[in-house]
Amino acid sequence: MDLYQPDLSFLKKFPYEVRAECESLFATKHLMVVGSYKTAWMALASFGIELEEISQKHNSPELLNQGLNQVGPTPSEMQEMMKAYKYYKDPRFAEKMINRTTPKQILGVVSSWQTEQKKLNIGEVAKYDVETTVDNLSFESLKGSDVLSVSPTTSGVMGEDTIKSILDRLGIKYQEQLRNAFICDFGEAKRVDFMVGTVKAKGDARLSNGFYIETTSRLAESNKDLGLFYLLHQITKYSNLPVIVVYDGPSLSERVLEWAQLFKKSHQHENKLFAVVTNQQFREWALRKLGSQAK
C-alpha cells in the first residue's frame with residue numbers, strides 16, 4: 001500500500017528552527033501505525049496538538065492551518081479531533097469517558113455536561129463564590145488558549161502588590177511611586193515603583209544608599225520585551241541608585257529573561273542594574289538576604 005506523503009514545501013517561508021521542529025514532528029508522527037479507529041484518530045489529534053503548540057510557541061497561527069492541510073482529514077475535522085482528545089485526557093471527565101471511542105461521542109458527553117451546568121446557573125440551584133468562563137482550571141492548561149484576557153493595568157497592579165506584600169511582611173521601609181527618580185533619554189522623569197531605604201550588610205555596601213524596584217509584567221508574546229530592553233538601558237545609563245527589575249507575568253519568556261540577566265552581568269561593575277529576577281526569585285532573595293534585618 002502506498003503511504004500518503006505530505007507536501008512540506010509550505011515550511012520554506014518559516015525560520016529554520018520552526019522548520020526543523022515541524023519536519024521532525026511530521027517524520028515521527030504523521031504515519032503512525034494504528035490498530036483501531038480510536039487509536040487512529042487519537043494519534044492524529046495528538047499530532048495536531050503538538051503542531052498547535054509549535055505554532056503558539058513561535059506565534060505563527062498560519063503554521064497550524066497549513067500544517068493541518070497536509071494530514072488527511074479536513075482542518076475542521078482535525079480541530080474536532082483535537083478538542084475531543086483534550087477532553088478525553090482531562091481528569092475532570094475521566095469517568096464520563098468510559099466506553100467513549102469517537103470524537104462525536106466525547107464532544108456529546110461534554111456538551112451535555114456543560115448544558116447541565118448552565119441549567120444549574122439559570123435555575124440558581126447552586127451558587128458559586130467565583131465564576132469563570134474557562135473550561136479547564138488545571139495549571140497545565142495555562143499555556144493554551146483556554147485562559148482569560150488580562151489587562152495591563154490589572155497585571156501591573158498585581159505585580160506591585162506582590163512586591164509590596166513581601167516588603168510589608170518583612171518590615172522593610174520603602175516609598176511607592178517615587179516621582180523624578182532620574183531623567184531618561186528623551187527627557188522624561190522616571191517614576192519608579194518602589195524606593196527601598198538604606199541597607200547595611202557585613203561585606204557588601206552596594207545597597208547602602210538604598211535601591212529601587214521596578215516591576216514589569218509580560219502578558220503575551222513580545223508584550224513588554226521592547227519596554228524591558230529600553231528600561232534596562234535607561235537604568236544602566238541614568239539611575240542614581242541600584243535597581244532590581246522584577247520581570248514576570250503569564251507569558252514570561254525564559255529567552256528574554258536570560259538575555260536580561262546576561263545584560264545585567266555585562267554592566268555589573270556600574271552598580272546601577274543590581275538584578276533582573278522573577279517574583280519568586282525576589283521573594284526568596286528578600287527572605288534570605290533582607291529578612292534577618294526586619295524586626
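This is a predicted model: local features need pLDDT of at least 70, side-chain atom pairs count only at pLDDT 80 or more; totals for chains, interfaces and linings use all residues.
In the search of the whole structure, one cavity of 30 Å³ or more is found, and the largest cavity holds about 40 Å³ of space. Its lining is made up of R206, K264, Q268, N271, L273 and F274, which by class amounts to two nonpolar, two polar and two charged residues.

Strand 4, which covers residues 243-248, has five of its six residues buried, and it is therefore largely enclosed by the rest of the structure. Strand 4 pairs in the parallel sense with strand 3 (residues 211-217) and also in the parallel sense with strand 5 (residues 273-277). The table sets out these two pairings, each with a bridge partner or facing residue.

| Strands paired | Sense | Bridges | Residues facing each other |
|---|---|---|---|
| Strand 3 and strand 4 | parallel | six bridges | S217 and D248 |
| Strand 4 and strand 5 | parallel | four bridges | V245 and V276 |

Elsewhere in the model, E52 belongs to helix 2, which spans residues 37-57. When residues up to four places away in sequence are left aside, E52 touches L64, M82 and K86, and with K86 the side chain of E52 makes a polar contact, side chain to side chain, at 2.9 Å.

Note on methods
Residues are numbered from 1 along each chain as its sequence is written. Side-chain values use heavy atoms; hydrogens and water are left out. On a 1 Å grid over the protein atoms alone, a cavity is a set of points where a 1.4 Å probe fits but cannot get out, and a pocket is an open set with protein on both sides within 12 Å along at least five of seven lines; lining residues have an atom within 4 Å of a point. Grid points are joined across faces, edges and corners, and a volume is the space filled by probe spheres set on the points. Ala, Val, Leu, Ile, Met, Phe, Trp, Tyr, Cys and Pro count as nonpolar, Asp, Glu, Lys and Arg as charged, and the others, Gly among them, as polar. Buried means under 20% relative accessible area, exposed over 50%, partly exposed in between (1.4 Å probe, protein chains only). Helices (H or I, at least four residues) and strands (E, at least two) are DSSP runs, numbered from the N terminus. Two strands pair if DSSP finds at least two bridges between them. A polar contact is a pair of N or O atoms within 3.5 Å; within protein, one must be able to donate a hydrogen and the other to accept it, and residues adjacent in sequence count only if both atoms are side-chain atoms. Contact means heavy atoms within 4.5 Å.
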